[in-house]
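Visitor: Could you take me through this structure, please? I would like to begin with how the helices cross.

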Amino acid sequence: MQIVLRPARPEDRARVIEVEAGATPNLQYLPKVFDMFASDPQGEFGVVEVDGTVVACGKLTVVPDGSAWLEALRVMPAYQGLGIGKRFYERFFELARLKGITTMRMYTGLRNVVSKGLAERFGFHLAATYRGAYLPVAGAPGPQQTAPATTVSRTVPTAAGFRQVRDAGRATDLLMSLKERWAGFLVMNRTFYEVTPALSAWLAGRGAVYENPSTGSFVTLDARFMPEQSLHIGVFNGPVEEWLPLAVEKAAAQGAARLQCMFPPTAEDVQAALQACGFMLEPSDCIVMEVRI
Ligand SMILES: CC(C)(COP(=O)(O)OP(=O)(O)OC[C@H]1O[C@@H](n2cnc3c(N)ncnc32)[C@H](O)[C@@H]1OP(=O)(O)O)[C@@H](O)C(=O)NCCC(=O)NCCS
């Protein structure tokens, strides 16, 4: 059996999508991001061929603070347990050395013992656990329109009072003040970004940070990709009712079917506040793991 790892090419698209459908039938996003991943100038989207057939893929992405985010690791079920996942990790470490990257992270489901064990084999340790909550958005197109959305559109007050924070220093002050409470990370599209000044500046540049100077409330609203699917609430401070109209408005403007938020289960008040506004919990928690090189 000959295992070859190489960068993905445009013509791998259909096969990579098949690989994902086989490896993670309940989580398929590569049809939407393949082109973006395959043309990433900073990271690498790799595929593994076994005897000339693509059977696996994996991506290293460089995030704003210069660390690496490992994602979309998928091995066709018939080829699992043969060392292909390990081959990807070896490549990730090789890339990290080449690029001077000193921290790498990945996430997986709390119950995915193979994915976690594979990461641990390469020195990764648990950094934090996160819980997801979502709210279908009234008026947005898509399959998620259900009863709670109607409730929200009826009960929320206006979005008045919020302004975009474009200043990196101000965004840094706001976000860093929440870092500990949020267990260190801000999550969008299941990408776990460490809360840092670099991330804050990046988000401010994207127009993703909003504050209400008169109340001190703030929130980040953005999507790394697939904006038509979800608008992601990264972190927030202040009552949900205060920023929710803004989030609903922004989601509707980009055609997002739902709002999504991930938070550490230790932040019980965050969970209670979201649930009180109609957010529903994802069925299982996620873990983020990291290694310092
Ligand atoms: C997770 C996945 C990428 C691993 O790839 P793989 O090619 O099967 O993995 P490999 O054969 O290279 O490595 C297996 C390693 O995983 C770890 N592992 C396997 N089973 C394990 C278990 N039950 N408990 C703990 N660790 C385990 C071990 O470290 C093992 O290496 P070792 O036997 O030499 O110690 C693959 O199974 C997959 O695609 N799963 C579905 C998608 C997925 O879960 N992706 C991960 C991110 S969500």
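Guide: The crossing of α1 and α2 is right-handed, where a crossing is left-handed if the near helix is turned anticlockwise from the far one by less than a right angle, and right-handed if clockwise. Helices (H or I, at least four residues) and strands (E, at least two) are DSSP runs, numbered from the N terminus. This is a predicted model, in which local features need pLDDT of at least 70 and side-chain atom pairs count only at pLDDT 80 or more, while totals for chains, interfaces and linings use all residues. Residues are numbered from 1 along each chain as its sequence is written.

Visitor: At roughly what angle do the axes of α1 and α2 cross?

Guide: The axes of α1 (residues 13-23) and α2 cross at roughly 135° and come within 10 Å. Axes are lines fitted to C-alpha atoms, for helices over the stretch in contact, and angles run from 0 to 180 degrees between N-to-C directions. α1 and α2 are therefore oblique to each other; angles under 35 degrees count as roughly parallel, over 145 as roughly antiparallel, 65 to 115 as roughly perpendicular and the rest as oblique.

Visitor: Which residues in α1 and α2 meet?

Guide: Arg13, Val16, Ile17 and Glu20 in α1 meet Leu30, Pro31 and Phe34 in α2. Two residues are in contact if their C-beta atoms, placed from the backbone, lie within 7 Å. By class, this contact of α1 with α2 has five nonpolar, no polar and two charged residues. Ala, Val, Leu, Ile, Met, Phe, Trp, Tyr, Cys and Pro count as nonpolar, Asp, Glu, Lys and Arg as charged, and the others, Gly among them, as polar.

Visitor: Now the domains: what does the domain assignment give?

Guide: The assignment, which is automatic or from a database, gives domain 1 (3-101) and domain 2 (129-283). The contact takes nine residues from each of domain 1 and domain 2. Helix α2 (residues 30-38) gives the most to the side of domain 1 that touches domain 2, with three residues.

Visitor: And how far apart are the centres of the two domains?

Guide: Taken over C-alpha atoms, the centres of domain 1 and domain 2 are separated by 29 Å.

Visitor: Next, the ligand. Which residues come nearest?

Guide: Val75, Gln80, Gly85, Lys86 and Gly117 come nearest, of the 20 residues around the ligand. A residue is near a molecule if its C-beta atom, placed from the backbone, lies within 6 Å of it.

Visitor: Which element gives the most to that shell?

Guide: α4 gives the most, with six residues.
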